[in-house]
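User: Hey, can you walk me through this one? I'd like the overall picture, then a couple of residues.
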Amino acid sequence: MPRLYTVDTLVAAIGAAPQEWRPLVFTNGCFDLLHAGHVRYLAAARALGKRLVVGLNSDRSVAALKPKRPIIPEQQRAEVLAGLRSVDAVVLFGDRTAISLIEVLQPEIYVKGGDYQLETLPEAAAVQRYGGRIELIQVEVPSSTTAIVQRILELYGEESLGTWSAQNLP
């Protein structure tokens with residue numbers, strides 16, 4: 001799949017043509033149900049540098065962070081993200097945080113949504129150690145996967161989930 005990298009292939013691509021990748025912008029997350037807030041956030045992040053790399057939590061790491069998730073399997077989440085014009089690369093990672101990925105890639109700019117705070121951002125110290133910049137982008141469309149799921153449940157009720165539950169997803 002184009003724009004889907006392993007850590008090794010991404011490091012090699014950046015190393016082979018740093019002038020095409022740097023300044024590198026990096027963000028990470030679950031991106032379980034992609035919505036307009038995600039799309040605007042990723043476009044704003046991309047505008048801060050030459051290329052945008054999205055670290056995507058694997059199914060295992062999402063499950064460790066959020067109960068009853070993910071809804072969408074990692075390969076499908078990766079494909080949707082990679083299909084966005086603003087996203088230049090997607091790399092899956094299995095840890096609860098993106099610290100090890102940040103230490104390897106050393107992006108010049110690390111981006112998270114404005115709903116985060118620098119003091120509570122687990123990756124902040126890793127970025128600061130090598131002199132990277134952290135940008136918190138204001139959330140334009142307040143939404144979340146949890147809110148979307150809650151709205152679906154309000155509209156249709158849990159009893160209607162039988163025909164399209166997570167068990168039935170490919």
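Predicted model: local features only at pLDDT ≥ 70, side-chain atom pairs only at ≥ 80, totals over all residues.

User: What does the C-alpha trace span along its principal axes?
Analyst: About 55 × 35 × 25 Å.

User: Which share of the contacts joins residues at least 24 apart?
Analyst: Counting contacts between residues at least 6 apart in sequence, 74% join residues at least 24 apart.

User: Okay, burial and surface. What percentage of the residues count as buried?
Analyst: That's 38% of the 170 residues. As for surface, the chain exposes about 9,200 Å², and carbon and sulfur atoms supply 54% of that area.

User: Switching to charges: how far apart are the mean positions of the positive and negative ones?
Analyst: They are 3 Å apart, with 17 positive and 18 negative charges in the protein chain.

User: Now the residues. Where is His35 found?
Analyst: His35 sits in the loop between β2 (24–29) and α3 (36–46).

User: Is that His35 buried or exposed?
Analyst: His35 is buried, because its relative accessible area is 12% and the cut-off for buried is under 20%.

User: What does His35 touch, leaving out residues up to four places away in sequence?
Analyst: His35 touches Ser143, Ser144, Thr145 and Ile148. There's also a polar atom of the His35 side chain 3.1 Å from the backbone nitrogen of Gly37.

User: Nice. And Gly29, which strand is that in?
Analyst: Gly29 belongs to strand β2. Gly29 is buried, with a relative accessible area of 12%.

User: Which residues is Gly29 in contact with, apart from neighbours within four places in sequence?
Analyst: Gly55, Leu56 and Asn57.

User: One last thing: how far is Gly29 from Glu103 in space?
Analyst: The C-alpha to C-alpha distance between Gly29 and Glu103 is 16 Å, and the two are 74 residues apart in sequence.

How values were computed. Residues numbered from 1 in each chain as written. Heavy atoms only, no water. Buried < 20%, exposed > 50% of the residue type's maximum accessible area, 1.4 Å probe, protein only. Contact = heavy atoms within 4.5 Å. Areas by Shrake-Rupley, 256 points an atom, 1.4 Å probe, with all protein chains shown as cover. Lys, Arg positive; Asp, Glu negative; His and termini not counted. Charge placed at Lys NZ, Arg CZ, Asp CG, Glu CD. Helix = DSSP H or I, 4+ residues; strand = E, 2+ residues; numbered from the N terminus. Polar contact = N/O pair within 3.5 Å; in protein donor to acceptor, adjacent residues only side chain to side chain.
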